[in-house]
Amino acid sequence: MALRACGFVIFRCLAQLPPPDNIEFLLLQTSYGEHHWTPPKGHVDPGEDDLTTALRETQEEAGLGKDHLRVVDGFLQRLHYQVRGKDKEVVYWLAELRNPNTQVILSDEHQDYRWAKLEEACKLAQYQDLQDTLTAAQRYLETNRKH
């Protein structure tokens with residue numbers, strides 16, 4: 001059975017810049033392994049639905065709860081890759097940080113975080129499928145939202 005994880009691509013809109021330059025994505029740097037950068041995500045607990053997992057993991061890893069986020073309808077990305085020889089699926093929703101100044105509070109799983117515009121976020125992300133997900137999120141926001 002494939003490992004399954006769920007999380008959010010979290011963005012904020014900065015008031016002082018015009019769209020689309022006002023969109024920044026949140027990436028967390030792991031405190032283990034290769035110290036890669038990723039949106040908040042984690043494994044599904046038994047009996048837990050995917051969206052509940054995404055909310056729980058975002059609260060645990062970034063200190064951002066359901067009240068801090070506005071989930072964007074119509075955007076869902078599924079990534080499939082291998083981790084140590086096992087299939088893994090990651091499901092990402094898109095969520096806006098309601099107050100762009102809300103403080104991120106990291107857990108022990110991460111050592112740093114960064115708000116980054118798309119180009120920098122893709123450089124940090126390293127993995128092509130995550131870069132594609134961030135690019136798709138940016139395009140979705142530019143096409144479907146008024147900032």
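Visitor: At what angle do α2 and α3 pack?

Guide: Keep in mind that this is a predicted model. The axes of the two helices, α2 and α3, are 8 Å apart. On the α2 side the contact is made by Leu 118, Ala 121, Cys 122 and Ala 125, and on the α3 side by Leu 130, Gln 131, Leu 134, Thr 135 and Gln 138. The packing angle is about 160°.

Visitor: So are α2 and α3 roughly parallel or roughly antiparallel?

Guide: Angles over 145 degrees count as roughly antiparallel, and α2 and α3 pack at about 160°. That's why the pair is roughly antiparallel.

Visitor: How far apart are the end C-alpha atoms of helix α3?

Guide: Helix α3 covers residues 128-144, which makes 17 residues. At 1.5 Å a residue it should span 24 Å. The model agrees, with the end C-alpha atoms apart by 24 Å.

Visitor: Which elements do the buried residues of α3 pack against?

Guide: Those buried residues include Leu 130, Thr 133, Ala 137 and Leu 141. The buried residues of α3 pack against strands and a helix: β1, β2, β3, β5, β6 and α2.

Visitor: Now the cysteines: how many disulfides does the count come to?

Guide: A pair of cysteine sulfurs has to be within 2.5 Å to qualify. For the sulfur of Cys 122, the closest cysteine sulfur is in Cys 13, 17 Å away, so that's too far for a bond. The count comes to 0.

Visitor: And is Cys 122 buried or exposed?

Guide: Buried means under 20% relative accessible area. Cys 122 has 13% relative accessibility, so it counts as buried.

Methods: Residues numbered from 1 in each chain as written. Predicted model: local features only at pLDDT ≥ 70, side-chain atom pairs only at ≥ 80, totals over all residues. Heavy atoms only, no water. Buried < 20%, exposed > 50% of the residue type's maximum accessible area, 1.4 Å probe, protein only. Helix = DSSP H or I, 4+ residues; strand = E, 2+ residues; numbered from the N terminus. Expected span 1.5 Å × (residues − 1). Contact = heavy atoms within 4.5 Å. Axes fitted to C-alpha atoms, helices over the stretch in contact; angles between N-to-C directions. Parallel < 35°, antiparallel > 145°, perpendicular 65-115°, else oblique.
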